[in-house]
Amino acid sequence: MNAHADKQLPNRSASKAAPDTAPVSVSPAYAESRLARALRTSVLHEDTATRERARFRARQWRQVLSGIGAGSLAVGSRTPVAGLPAWVTPDVVTGGFATGSATAGGPLLPYEEEAALLAGVPATRSALFAHFLTEDGLARLWSLLDSGQYEVRVPEEAALATVAWLVRAGDFDAAAELVTALRPFADRLRFLPRPTDRPRPAAGTVHRRTVGDTAAALARRRPGAAVETQREALAVWAPFADDLLTHRLEAVSGTPGPHWHADGAALLARYGSLVAEHTRCTKHLNPKSNTAVLLRALEEELAGRAPAPRLAGLLRVAVSTMVAKRGAPGSPGHTRLRRDQAAQAALPSHHALAGLVLRRLSRLDPAGGTADVEAPLAPVDERESLETGLPVGAAVPTAIGNCVRAALSAPLEELVARGVVPSAEVLAELVPQLVAAVSADQYTDEPLRNLMAGTYCAFRNRRSLLLLNLQHQVRIEELPWLRAVSAHRDAAAGAQEQAEEALRRLGGLAVSAFPATVLPNPLVRELSHLGRQAELGTPFVEELAADIFMGTFTPKFLVAARIAADLLEGSLYERYYGIDFARLRRMAVAQAVDSAQRGRPARSAEEFARLCAERAGTNGASWRPAANGKVIEQAQILTTHNLATLAARVKVAPVAGWAALARDCFDVVCRLVNRMADRPMLSTIKDTAYAWRQMLFHLSLCEDAERAAVLEWIEADILRRPPLVQARLEPALAGLRLVAAGGSFGADGTGDRGRARRLLGWSTDEHWMRAPTRC
């Protein structure tokens, strides 16, 4: 099942069904709403680039709706596009909808056209496919494989290179079988890798952005309108207003100089030039402003007319106000103020400093990260000052520094420690770079290893499909070129041990760095892949989407619950959530026996689903996402949403200890509650409940003395929090005290005469955390 938490997905348009009943269809209403949104943006948005992106999205949603209407798209299927097998990478838009196009399809790209020109064949994909199966074409592919100077952006681009490797390895049968699988699509899909000037970066380090991505982000920066307006006000209009005031004070003193009229005319002429050149600051255009009043009075006097009584009154007020506020021009206070303002206006703009950093980055490889992000962020030196006009020693602003640091290439742990990876979601984006290297290490031939690593990274860029009826996403092992080289893996290369080590490393990093966060689905997918390679029997489970929940779970959910039962039976976690782990263990045994008797694994864990619905107080799958969310949350509670699997099967043991993670979780809980306004958002309540559940898990793995110390720390820490946090968390804290003291909640999730409440994230009624709180 596709599983995107907190992402709006389409409502089901058929009755809910168990996996063995009629399949569920999907309403096109979601696609229609997204098309309408894209059309509005494409017309009304003020930014040209945003409008163009919206027009592109609108074209995609038109494709989706056209395909649904014509019956050429099967939304909810692993093969949504008629005529394309599951391994072809579909073009997918928000919500998991396939557009009907293949990512590797469309018009020929420039590198394909160049390849056709060099080969002397027609510029068609079928002609290119045929050419690269010839002796000359294979030689060209062998050269690319040996040099490593190519890249694979979509998995299909590795197919012909894999054929070439198999031919050189003498595995002609596998090569022929792969060609047979590819040939029906040779006229539509590109199977050719993209030549580059540089080989793939070395394995072991990762980066969040390439240098090229960072440079592009800096190039898109524009001068800050508010900052530049203030700079103009301080550098241009404030000095001009001072000159106007000085000129007026000469007249007020009764002894204007002989050149007073000539100087006034020069001021008016200067004003005209300034207005034409400096257009950001418009305060002087306000007829009630002091500058405007002084100018009108000066114009009248130079024309030989005395200012009208009203204007004369405004003139007196303007002069007295300006002198009272800052002092007369030339006075010590006024001089000091203008000196400070001039220094502030002279500071280099962020835009100018971004341009300097961009010049520095241009010397680096744009295709990868950089091990040194400090050199591009150094203060302006003398040579650069001469070239750019920026002051020597000017520091690069933090915002630009953060942008550049995203290109740091380093071990994943270092990126986390330095804040380059701020969340589990970002961690999940980077993990495929490491998992690709681990997965590719099972091939001893270096060119094949590099090719498979590139294929893996490209495959992980494949967007998930909206899937129904407990189908799973396409796995990388289903790619024909992966199957073709499977016989060339070296089991003696220690791939299983490497996968286990990587699994422990990544799982431990996720738990330690983000202890209060539910593992995001992309990270679960990578851990699952490593678990299969390590053969540890790790049933990693995804977070399911409440609005397409089918009312049941795959068997691995019950296996994960069995692992949690073995780890947590008799723990604080079990008592807090009122779990009968013995019952779960019996269910798991019965499911295993039933599968053995059938000779095939079960498709779903129906009894487990009934238990989750029973605990949630619902009847299973519902049209209401909130009711489904309650059932899904119970499954997360029973399985610990992968924490027990990591602790028990993978043997993850955080260096800081479980007690430290529990304290970190409570800190996150308090910060989330502190964000809540008078009526908290349901998403924030859910995140709070998930962080609370993670805290209880970590507490349950502590030794008794450690757990007691953490509970004592929580009681002290809450007193340092704002009154709103204390008041809103008090029912949950009362529940924690109740259970820690040996008590239990009632069937309604309350205890201690209603003062204690079990903290859950989903509710079909008004959540108790949304009730008005008195501080």
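Modeller: Asn-642 lies in the loop that joins H27 to H28, where helices (H or I, at least four residues) and strands (E, at least two) are DSSP runs, numbered from the N terminus. This is a predicted model, in which local features need pLDDT of at least 70 and side-chain atom pairs count only at pLDDT 80 or more, while totals for chains, interfaces and linings use all residues. Residues are numbered from 1 along each chain as its sequence is written, and side-chain values use heavy atoms, with hydrogens and water left out.

The backbone of Asn-642 has a phi near 85°, which is a positive value in a residue other than glycine. Asn-642 counts as buried because its relative accessibility is 1%; buried means under 20% relative accessible area, exposed over 50%, and partly exposed in between, with a 1.4 Å probe and protein chains only. Arg-753 also has a positive phi without being a glycine, in its case near 60°, and its place is the loop between strand E5 (750-751) and strand E6 (756-757). Arg-753, however, counts as exposed, because its relative accessibility is 81%.

H23 itself covers residues 555-568, and its 14 residues reach 20 Å from the first C-alpha to the last, close to the 20 Å expected at 1.5 Å a residue, the expected span being 1.5 Å times one less than the number of residues. Its buried residues include Phe-557, Leu-558, Ile-563 and Leu-568, together with Pro-555 and several alanines, among them Ala-560 and Ala-561. After H23 comes Gly-570, with a positive phi near 85°.

H12 (residues 309-326) can be read in a similar way: its 18 residues should span 26 Å at 1.5 Å a residue, and because its end C-alpha atoms are 26 Å apart, the two values agree. Leu-311, Ala-312, Gly-313, Leu-315, Ala-318, Val-319 and Met-322 are the buried residues of H12, and their cover includes H9 (225-252) and H11 (290-302). Gly-327, with a positive phi near 90°, follows H12.

H11 also holds Glu-301, which counts as buried because its relative accessibility is 19%. Once neighbours within four places in sequence are set aside, Glu-301 is in contact (heavy atoms within 4.5 Å) with Arg-248, Trp-260, His-261 and Pro-307. Under the same exclusion of sequence neighbours, Glu-384 is in contact with Leu-356, Arg-360, Pro-379 and Gly-389.

Another loop residue, Gln-442, sits between H18 (424-440) and H19 (446-460), and is buried because its relative accessible area is 11%. Beyond its neighbours within four places in sequence, Gln-442 is in contact with His-488, Arg-489, Asp-490, Ala-495 and Gln-533. Its C-alpha is 9.9 Å from that of Met-452, ten residues away along the chain.

As for cysteines, the structure holds zero disulfides, a disulfide being a pair of cysteine sulfur atoms within 2.5 Å. Cys-702 is in no disulfide, and the nearest cysteine sulfur, that of Cys-665, is 11 Å away. Cys-702 counts as buried because its relative accessibility is 6%, and Cys-403 counts as buried because its relative accessibility is 13%.

Taken as a whole, the protein comes to 32 helices and six strands, and its C-alpha atoms fill a box of roughly 115 × 85 × 50 Å along the principal axes. Of its 775 residues, 50% count as buried, and among contacts between residues at least 6 apart in sequence, 72% join residues at least 24 apart. The protein exposes about 35800 Å², of which carbon and sulfur atoms supply 53%, with areas from the Shrake-Rupley method and a 1.4 Å probe; for residues, only the protein chains shown count as cover.
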